[in-house]
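Please examine the sequence and the structure shown here before reading on.

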Amino acid sequence: MIKLDVEVRNKTYSSNSQCIIKDLAFSVSAGEFVSLIGPSGVGKSTLLNIIGELDNQFYGEVKVNNSVLAENTNSIRRSYMFQEPRLMPWLTVKENIKLVMKKDEASDEFIQQLLCDVELDDSGSAFPLGLSGGMQRRVALARAFSIRPQLLLMDEPFVSLDLPTGNRLRDYLMSIWQKTKPTVIFVTHDVREAILLSDRLIFLSNKPTKIIKEHNIKLSRPRSSANQSDIDSEFNELLIQHPDILSGYVTGIQDNNETKQKIA
Amino acid sequence: MPTFKNGELSIKFLSIAVFILLWQLLAYFLNNDLLPGPLIVSSGFWDHLVEDDLLFHLSITLMRVAASFFLALIIGTFVGVIMGNYPKIDSALDSLLIIGLNIPALVTIILCYVWFGLNEFAAICAVVVNKVPVVIVTIREGARAIDHKLMQVAYTFKLSRRTMFQKVYIPQLYPYLIAASRSGLSLIWKIVLVVELLGRSDGVGFKLGTFFQFFDITSILVYTLAFALVVLVTENCLVQPIESRLSRWRL
C-alpha cells in the first residue's frame, strides 16, 4: 500500500492569476481513508487533479512512499473516480472496465466478479447510455477498483444522487474497499458521508485553500449506511467540540486558535 | 395499402417507381430522340453490359473514386485533427483552407494535368486536392469538440497512446468522419467524371464525353443509370451499415 505526502506551496490559475491553493500540506498513511471536506469551489478537485497528475502547473511536491510521484508514476496503481461517471458511451460496460486494465489482468471472471460486487452481473454487455445514473456510477466504481488500486482518488463520486441510491453506492464502496484497503482520498462537502466512510476528516477553508481542522473518526469497521445513529452522534460530537467548524468553512473565516495550536 | 405498412423500404421504392412512370409518360408524349424512355434505356443498358465495355469503364471509375476517397479522408483527418488541436497552426493555415475550399474544381484539374501530365497520378491528385479541404473543415470541428473529461480518464489511468487513440479519441470523431464520408463520396463521384472527361481515355466520364460528341442520349442515360445503381448499392450496403454499426450505442 501507499503512503502519500502532499505539499502544494502555490497553485494559481494562469487564466485569472487567482491563487487557489497556498501552503497546503498533509500526509496520508498507507491504507488510510481520508476525506477532504470543504465548500464548493475551494480547489478540492484541483488538489485531486494534482495528485492524479492531470494538473502539473503548481509549486510543490507529491510524494509516494517518500519518493516523488512524477518519477514513479508507472510503478503505482492509481484510480480516479470523478464527479461524473465518465464512461466511454461507445463501449459496453465490460469494455469500459477492460479499457483501463492491463491486458494480462483483464480476465472475464475477474470483471464479472467486479460487476457482481456492484450488482450489475447482467449488465456487462449494456451500453452506458442505457443505464440509470446510479448504475453508471456503479460501473465507474467497479472500473476504479478494476486495476486493484493502491491509491484511489474520489472526487464527490456520489454527488447529486438521491439518498437511498447514494447510500447503496457508499455501502458498495465500503465492502469493496474493505477487501484490499487501498489508500483513499475522498473529496466531499457532505460531512455525514465523510464520517461514514473515513478514518480521518480534513476540513479545508475557502480560497486560498488551507487546512483548518483535522478530525479522526473512531467508529469501528466494517461500517454501513444503516448505522445512522452512530454517524449522527459522531456528527453532533464534532459540532459540540467545534461549533465554528461548519461556519468556518462555509464562510471562509478561519479558526485562529486551531491554526495556532497546529503551529505550536 | 400494404406497401406502406412495410415501412421505409417500400416508400423508397415507391418514389423511384413514380419517377420512372413519369419519365415513361413524358417520353411517350414528347416522342423525341432526345428523351428515350426507361424501356429503351434498360434494353440499351443490357446491350452495353453484355456486348460493350460498360463494366470495364465503371470499374475503372470506381477504383479512382475509392483511391481518391481514402486518400482525401486520411490526409484530411490528419490535418483536421492537427488544426483542431493547435490554434496557432489553425490560424496559420486557415486562409489557405478557405482558398482551397473555394477554388473551382476545374482549375485544379487543369493545373494538375498541365503540371503532372495526362496520367493517373494527376487525375487522382486533382480529385484529392478538391476534396481534402472539405474533410479538414469537418474533422476540425470534431477535434475541437473532443470531450476533455474523457481524455482525463485516459490520462489518469495511464492508457497507452495507441489505446487512448483507438478507444477514446477516434470514437469521438466518428460522427464527423461519417459526415465527411457522406459529403465526400457525393463530391468525389462528380469530380472524378470531370477529371476523366478532361484527361483520361477510360472511365465513365470519358465514355460520356464520347457519347456527347455523337449525341447518343440513350447511352448517356444508360451510364447514368449504371451510376445511379452503384450509388444506391454503396449507400445501402456500405455507408448505412457502417454508420449504424458505429452509432449503435446511441439510444
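In this predicted model, the C-alpha centres of domain 1 and domain 2 of chain A lie 25 Å apart. Domain 1 of chain A comprises residues 4-77 + 149-259, and domain 2 of chain A comprises residues 86-147; such bounds come from an automatic or database domain assignment. The model is predicted, and local features need pLDDT of at least 70, side-chain atom pairs count only at pLDDT 80 or more, and totals for chains, interfaces and linings use all residues. Residues are numbered from 1 along each chain as its sequence is written, chains are lettered from A and ligands numbered from 1 in the order in which they are written, and side-chain values use heavy atoms, with hydrogens and water left out.

How do the two domains of chain A meet? In contact, meaning heavy atoms within 4.5 Å, are 19 residues of domain 1 of chain A and 12 residues of domain 2 of chain A. Together the two domains bury about 1,400 Å², 62% of it on carbon and sulfur atoms; buried area is the accessible area (1.4 Å probe) that two parts lose on being put together, summed over both. Of the area that domain 1 of chain A buries against domain 2 of chain A, 40% is supplied by Arg77(A), Tyr172(A) and Ile176(A), more than by any other three residues.

Across this interface of the two domains of chain A, the rule finds 3 salt bridges, a salt bridge being a side-chain nitrogen of Lys or Arg within 4 Å of a carboxyl oxygen of Asp or Glu. Lys179(A) forms a salt bridge with Asp117(A), and their closest N and O atoms are 2.9 Å apart. Strand S7 (151-155) and helix H6 (163-180) of chain A each supply at least two residues of the side of domain 1 of chain A that touches domain 2 of chain A. Helices (H or I, at least four residues) and strands (E, at least two) are DSSP runs, numbered from the N terminus. H6(A) gives the most to that side of domain 1 of chain A, with 8 residues.

The next topic is the interface between the chains. Here 25 residues of chain A are in contact with 18 residues of chain B. The two chains bury about 2,000 Å² between them, with 69% of it on carbon and sulfur atoms. Arg86(A), Trp90(A) and Leu99(A) supply 32% of the area that chain A buries against chain B, more than any other three residues. Between chain A and chain B the count is 1 salt bridge: Glu84(A) pairs with Lys149(B), and the closest N and O atoms are 3.0 Å apart. Strand S6 (78-81), helix H3 (93-100) and helix H5 (133-146) of chain A each supply at least two residues of the side of chain A that touches chain B. S6(A) gives the most to this side, with 3 residues.

Chain B itself has 11 helices and 0 strands. The C-alpha atoms of chain B fill a box of roughly 70 × 55 × 30 Å, taken along the principal axes.

In chain A, confidence is highest in S7(A), at 94, and lowest in helix H10 (residues 256-263), at a mean of 41. Over residues 248-264 of chain A the pLDDT is below 50. Where pLDDT is low, the predicted coordinates should not be read in detail.

Notes:
pLDDT is the predictor's confidence in each residue, from 0 to 100.
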